[in-house]
Amino acid sequence: MKLPDMKSPEEFLLDLVAIPSVSRMSNQPVIDYAAQWLDPRFWMIHRDSYMDGQGTPKTNLIAVTKNAIDAHAELAFVCHTDTVPFQEDWQEAVHPARRDGRIYGRGSCDVKGYMACVISALGGLDVEALAKPLAVILTADEEIGCVGAKRIAARRPVSTRYMLIGEPTGLQPIRAGKGYALATVTVHGREAHSAFPSKGHSAIFDAGHILCAIESIAAELQGDENGEFDPPFTTLNVGLIEGGTAKNIVAGECRIVIEWRPVPGQDPSRTSRRIRQELASLAARIPGFDAEIEVHRMDPAFAPSSRRDLSEFLANASSSTPGTISFGSEAAHLSGLAEEVVVFGPGDMATAHKTGEFVPIEELEQCVAYITGAIERFCAAT
């Protein structure tokens, strides 16, 4: 089988960004693009396909070099294939532009830049010469709950000694990260004409009491510090609130959407338990109060691995001290498949998830060099 001619990492990235892969869409075109660079003579390729809740086909790709025994690799590269949505008037979202030493487009930073680097590094690799096996894992639906990674963690189709998960870290090796939890508090009231409020019960007024309680819980969480993070505590945020039907109707319902990001070592359910306690306290004090919390997502924190070989190699190569991240990643779910997990990649998360997302081309080139070096360090013949 003849493979396509190899390209530079920026050329790979231009191709990848031009393939729309917002989470609501199928990621199959991205999987197909990446798979064409994995020579089946040297790679065992497994596709884990499923339908999401809307009936859209999704695929995880797991590729391991054929010198692996029982699908165990020495080093694995992990990258998610989906992106967050983008505004329709952002023309560069899927028509990427290269200017000012950067590549602009949706996913250029989060996280197709890393994928382009992995493909580019593999292109210059003599797979047959590897003394130890290598793996590539491409996942679906990371942006909406790490769905693909959770499937892989449950099925365990591959294991590895070292795992490098792509996220925009500015090429700083990351050894730990906060978890992520999402919940909705629904407040039930009783509608009435606003001229006769005593005949109803305002869900929005009750939501005000809940917001004050949540603010107190957020302050309480600041007392449990982990100095390796910025901010050094579990953060709690009310991101959305919606209620009522009209200006002259006492609100019959109100919904509050809450997220929190627990530090390692803290039970991620601690916050939801405290909210339930406060809801019970309010119900005991306020006649007619009726509210409940529903937790939609409860992802654990990404704790540091006991091994440090990969993080130290990358720290020395990039002259960057290993650090932590306050945003979620697939590391918490996939850490059970590896002895050491590191999150790493080009770009800055501050530029991701918004119009004008970009990645510096220089960081792409550096990332390819670090990935190539890691393969030589951990997988090449000695």
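So, to start: in what order do the 3 strands of this open sheet come? Going across, the order is β4-β5-β17, and the pairing is antiparallel. Do bear in mind that this is a predicted model. At the edges sit β4, residues 97-99, and β17, residues 358-360, and each of those pairs on one side only. The twist averages 20 degrees as you step from one strand to the next.

Let me zoom in on one pair. β4 and β5, with β5 covering residues 102-104, run antiparallel and are joined by 3 bridges. If you want a landmark there, find R98: I103 in β5 stands opposite.

Now the helices. Helix α1, residues 9-17, lies across β4, β5 and β17, and runs at about 10 degrees to β5. Then there's helix α9, residues 361-378, which also packs on the sheet and touches β4, β5 and β17. The direction of α9 makes about 60 degrees with that of β17.

Last stop, a glycine. G107 is in the loop between β5 and α3, the helix at 112-123. Is G107 buried or exposed? Buried, because its relative accessibility is 0%, and the cut-off for buried is under 20%.

And what is G107 in contact with, once you leave aside neighbours within four places in sequence? The list is V17, T83, K112, G113 and E357. There's also L13: G107 and L13 are 94 residues apart along the chain, and their C-alpha atoms are separated by 9.1 Å.

That's my tour, over to you.

Conventions: Residues numbered from 1 in each chain as written. Predicted model: local features only at pLDDT ≥ 70, side-chain atom pairs only at ≥ 80, totals over all residues. Heavy atoms only, no water. Pairing = 2+ DSSP bridges. Helix = DSSP H or I, 4+ residues; strand = E, 2+ residues; numbered from the N terminus. Axes fitted to C-alpha atoms, helices over the stretch in contact; angles between N-to-C directions. Contact = heavy atoms within 4.5 Å. Buried < 20%, exposed > 50% of the residue type's maximum accessible area, 1.4 Å probe, protein only.
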